[in-house]
Amino acid sequence: MSVKIRLQRHGKKQKPFYWVVAADARSKRDGKYLEKIGTYNPNTNPATIELNLDSAVKWLHNGAQPTDTARAILSYKGALLKHHLDGGIRKGALTQEQADAKLAAWLEAKAGKVDAKKEGLTKAQAAEKAKALKAEQEVNAKRLAAAAKAEADAIAAATPAEEVAEVEAEEAPAAEENNETTEA
């Protein structure tokens, strides 16, 4: 029986979520599997991968062949490197301590790259948010200036009509006074 390490699709439409499984090569994509090795969520940025490293390496030692995508995931998490280093230990090229040190250094460097990417994405998102806020503030300032100008224009248009009414009101009492003095 040939064993494949492959992805088994879960999730809903347009939101895939995968299990990384060791399965018989003859079984269906989402069918029976021998062991669940981990999960892969491509919906996040960067993609979220949880992998049982020891279990994956055990299956690789037993001859399981990963598919292309599964190979990329195993490489990303260091399972292929650990498998390679274990081959060096079996041949006597290096000791277990040396292999563990190399794997730990590689995992640390990989974690640094992932953290740098996350920080870069966070900074880009914050810069985009600040840019959008600044643009919104400019639009609000223009809107307030236009509203103030419209209000000033309305007051200016109403002021001459009020002045005419005030002038007529002032002239009317004066005329009444003249009438009163002439009658007396």
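Predicted model: local features only at pLDDT ≥ 70, side-chain atom pairs only at ≥ 80, totals over all residues.
Residues are numbered from 1 along each chain as its sequence is written, and side-chain values rest on heavy atoms, with hydrogens and water left out.

The chain contains 4 helices and 5 strands, assigned as DSSP runs numbered from the N terminus (H or I with at least four residues for helices, E with at least two for strands). Read from the N terminus, the elements follow the order β-β-β-β-α-β-α-α-α. Of the 184 residues in the chain, 23% are buried, a term that denotes under 20% relative accessible area with a 1.4 Å probe and protein chains only. The accessible surface of the chain (Shrake-Rupley method, 1.4 Å probe) comes to about 13,200 Å², and carbon and sulfur atoms hold 54% of that area. Among contacts (heavy atoms within 4.5 Å) with a separation of 6 or more, 38% link residues 24 or more positions apart.

Grid points are joined across faces, edges and corners, and a volume is the space filled by probe spheres set on the points.

The largest pocket has a volume of about 230 Å³, and its lining comprises Pro46, Ala47, Thr48, Ile49, Tyr76, Lys77, Leu107, Lys110, Ala111, Val114, Asp115 and Lys118. At least two lining residues come from each of strand 4 (48-51), helix 2 (68-77) and helix 4, with helix 4 giving the most, 6 residues. By class, this lining has 7 nonpolar, 1 polar and 4 charged residues, where Asp, Glu, Lys and Arg count as charged, Ala, Val, Leu, Ile, Met, Phe, Trp, Tyr, Cys and Pro as nonpolar, and the others, Gly among them, as polar.

The structure also holds 1 cavity of 30 Å³ or more, and the volume of the largest cavity is about 30 Å³. Two or more residues of its lining are given by helix 3 (79-91) and by helix 4 (96-183), and helix 4 accounts for the largest share, 4 residues. The lining consists of Lys82, Leu85, Asp86, Gln96, Ala99, Asp100 and Leu103, which divide into 3 nonpolar, 1 polar and 3 charged residues.

Notes. 1 Å grid on protein atoms, 1.4 Å probe; cavity = no way out; pocket = protein on both sides within 12 Å on 5 of 7 lines; lining within 4 Å. Buried < 20%, exposed > 50% of the residue type's maximum accessible area, 1.4 Å probe, protein only.
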